[in-house]
Amino acid sequence: MATIEPTASGLSAHDHAGHSDAYRIGFVRKYIFSTDHKIIGIQFLITTLLMLMVGGALALGVRWQLAYPDSPMPFIGPWLFPQQGGKITPEFYTMLFTMHATVMTFLVVIPILAGAFGNFLIPLMIGADDMAFPKLNMFSYWFMWPAIFFFGLSMADPNAGPAAGWTAYPLLSALPQAAPGSQIAQTWWLLGLTCVGISSMMGSINYLTTIINMRAPGLTMFRLPLTIWAMFITAILQAFALPVLTAAGFMLVADRALGTCFFIPAGIIVNNADPTVGGGQPLLWQHLFWFYSHPAVYIMLLPAMGMVSDMLSTMCRKPVFGYRPMVYSMITIAGLGFIVWGHHMFTSGMNPMIGMTFMVSTLMIALPSAIKTFNWLATIWGGKPQFNTVFLNCVAFVSMFVVGGLSGIFMASVPTDVYFHDTYFIVAHFHYILFGATLFGVFGAIHYWFPKMFARKMSEGLGQLHFLLTFIGFNGTFFPMHMLGIGGMPRRYADPYIHPYLEHFLPMNQLMTWSAMLMGFAQFILLFNFLYSIKFGKKVGRNPWNANTLEWAAPSPPPHGNFEQVPLCYHGPYEYSHPDWNGRDYLMQTEESMEKVLAGQTSDAPQKEATT
Amino acid sequence: MKKLWSLFFIFWPIAAIVIFAISPSMQWWFPGEAKSPIGARIDDLFYLILVLTGVVFVGTQVALGYVLWRASSVKADDKAWYTHGNHKLELIWTVIPALVLLFIAFKQMDVWAEFRIVDRVAEEIRNNPVAEVTARQFEWRMRYPAPGKKLGIIPAPDDMHQVNELVLPVGRKVVINLRTEDVQHSFFAPQFRVKQDAVPGKMIPVWFEVTEPGEYDLVCAELCGWGHYKMRAVIRALPEAEYQTFLAELYEESMSDGFVAEGEAAAEGEGAAAEDSASAESEEE
């Protein structure tokens, strides 16, 4: 079969029309305080897309300051800083990058992966009718809003927004005298952090329970699509790492509000205030924070890896290359992810022997990532893809992940990290991972699963235009950061050009800012395409990509309860282009066999090895 | 269109390599050669990793370009390959990267030890730090011991102080005690490739050797508040003889507060100090 076209043939065996609309419910419970995983997923998706725009706007503020430190900020500058003639103040600048990172990490990337796609896809892809705990699921979405509220409150604080960076290292974050933004704004920020923590926690428990208990008959663990494996491993990471951050957050709030001294040593005089009484240790925060936030890096990456594996396989009409190695490497990433946090602290003054241990474990975590990359390449190899938006975004994921992964090696090696730590090199590195990899994966996933959400396709032309502009803007913004890093430009500088050795980087920074504006502008195309296509996109059937996994067996959009009848799963999710097949190049998991049972298939599925 | 997109993905890695290749000549590179032996070793490691990652980068991007180009030329009635993987391939691309990564890891260890393991510094040097650098919002304060004396943990009355200027001797390994008075800062000397956080409540020794006299930058690399960017000091590296002269002069300067009693000034001996304080006194009269 040459082209991918809409078809509803996937479930023709068990098509029970008119069975699903028995369930009636009011508007508020259906669309707002919904317990339906699909609605919650879409709520997460729309919320996080809006937050993506907010986080992007904050980033543009940062970029403006780095490109034109002496010029007033366009449009809103004169209104925000009338005293400074519209120029960004250093306090405001610290708030900008703090909130940019906070919004992008906690309100965009984590919830769009786990919250939006996790919610929408897990029950559908495992053939369940909903999550194990629908109400908990609802709460997990609605705990985002107090978080957004607290973060907003913290940003809008009239003294100054939070100023300690997203890592909130004490003492800057612990003592109100340390910075204007470390007053009440920092407490609001920590409360916001706690709320997103609770939200993810509830989500992760739910995902674990659902994936373990509610898989369709015949869907063994090693028949799960890689997306679900990734979500499963992510949920484990969240469930075990997040409590540490939540505890640390409470300890810091206690330090700030109740006079405890977990992180505050004695005799510190900040800003001519009285000396602290202390007895605490600021490094403790770094350990606790990174114990969560390093696994969080994988929380922000693994689901995208899983989704890209699925999308590449479907688009290339080819089974994922090395399914089991893919699973094992994700498990390895998760396992090692717990023992590498110290690589954020090579220059922090912790025991240098431990530094060596962390260096070895960190370099070793590059290994499963490398294996995955090679497997993706091999999945495309010999495939027959349509070069559509989904495929392009997935290829961008692989290509950019290679860059981000390789630049990570420089940081994993302690001696080179001594130089690159806290320079723009690390900024380049994690943007290549979090944007270059994760967000391109997410853009692909939005286009790929949109038909399941709304029974319509997103516009292909707009999708490719968005991809093109984002890709160019992205590389124009972040690639030069490697050079800035090698040049020794530290992060978080409101005006780097007062240092003579950095002066000549100004033109490069201006180029980066223009690229960032292009990239920011391109996201409006995505937003427009998304909203427009909900109403006016091309109508498609339940399986527009001719994909195999269970969600495409459900009607689009899936009704309450998802499937007309419990789907039976006969084999793994990647049966594409078998040489013996004629006429059709895919075999859905719900379909028992194409013409005869394929030889060599492990078949611990509900027996019946007959031919149709 | 398919071919165009394939070329699009082939174009960017080439652009990346070209940019990296021209960067050193465009000054988009290290701020000068490393001016310390440890910095030179770090640079060597950087180039080693750059070559290794460069090879992997080229390899994977060529592979990606190839598979895309191949995919773009597939005919309509061709079928995609049907394969679930290849054990041998998996083994190859597990073992080889593992060996390379382990090689990188073990190759680094000695440099790291040189930089941070305290045994690598001779006891003599370790026990005689040349200065204490205290970071505070938003400046660097230096404290030197009086000539011939040891730097104590607690400031001594005859210690000498400087702000935002650190003077160091050239050609020998020196130890600096790094502290912070308030929040966390980080001592970053880009030309020496040296970086160490200053953690509240801790005193951390830092050691390195400056190889060439000159003026170098000292900046803060850990967010410390709104003025983080302007926390700037100059490191002035002097040949040993000039360094000793500088210390002597600094000592005289810091001892002459204009109120030195006649007898004490005499006891200090003849020389510039006495004249200096005398002239200061006379000025005040």
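A salt bridge here is a side-chain nitrogen of Lys or Arg within 4 Å of a carboxyl oxygen of Asp or Glu. With that rule in hand, B:R143 pairs with B:D159, their closest N and O atoms being 2.4 Å apart. B:R143 lies in strand 2 of chain B and B:D159 in the loop between strand 2 and strand 3 (160-163), so the bridge ties together parts that are 16 residues apart in sequence; helices (H or I, at least four residues) and strands (E, at least two) are DSSP runs, numbered from the N terminus. At 3% relative accessibility B:R143 counts as buried, and B:D159 is buried too, at 5%. Buried means under 20% relative accessible area, exposed over 50%, and partly exposed in between, with a 1.4 Å probe and protein chains only.

A word on the ground rules: this is a predicted model, in which local features need pLDDT of at least 70 and side-chain atom pairs count only at pLDDT 80 or more, while totals for chains, interfaces and linings use all residues. Residues are numbered from 1 along each chain as its sequence is written, chains are lettered from A and ligands numbered from 1 in the order in which they are written, and side-chain values use heavy atoms, with hydrogens and water left out.

Back to the charges. B:R143 also forms a salt bridge with B:E132, at 3.0 Å between the closest N and O atoms. B:E132 sits in strand 1 (residues 131-136) and B:R143 in strand 2 (residues 139-144), so this pair links parts 11 residues apart in the sequence of chain B. Elsewhere in chain B, a network of salt bridges links B:R41, B:D110, B:E114, B:R120 and B:K173. Over in chain A, A:D585 and A:R317 form a salt bridge at 2.9 Å. A:D585 lies in the segment after strand 2 (538-539) of chain A and A:R317 in the loop between helix 10 (302-316) and helix 11 (323-337), so the pair ties together parts that are 268 residues apart in sequence. Both residues are buried. Over all chains the structure holds 20 salt bridges.

So what holds for the boundary between the chains? How many salt bridges are there between chain A and chain B? The count is zero. The contact (heavy atoms within 4.5 Å) takes 112 residues from chain A and 96 residues from chain B. About 9000 Å² is buried between the two, with carbon and sulfur atoms giving 74%; buried area is the accessible area (1.4 Å probe) that two parts lose on being put together, summed over both.

Aromatic rings do cross that boundary. Rings of Phe, Tyr and Trp (its six-membered ring) pair if their centres lie within 6.5 Å; planes under 30 degrees apart count as stacked, over 60 as edge-to-face and the rest as tilted. The count comes to 86 aromatic pairs over all chains. One has A:F420 and B:F46 with ring centres 5.5 Å apart and planes at 50 degrees, so the pair is tilted. A:F420 lies in helix 14 (residues 414-420) of chain A and B:F46 in helix 2 (residues 37-72) of chain B, so the pair joins two chains. A:F420 is buried, at 1% relative accessibility, and B:F46 is buried with 1% as well.

As for confidence, chain A averages a pLDDT (the predictor's confidence in each residue, from 0 to 100) of 89, and 93% of its residues score at least 70.
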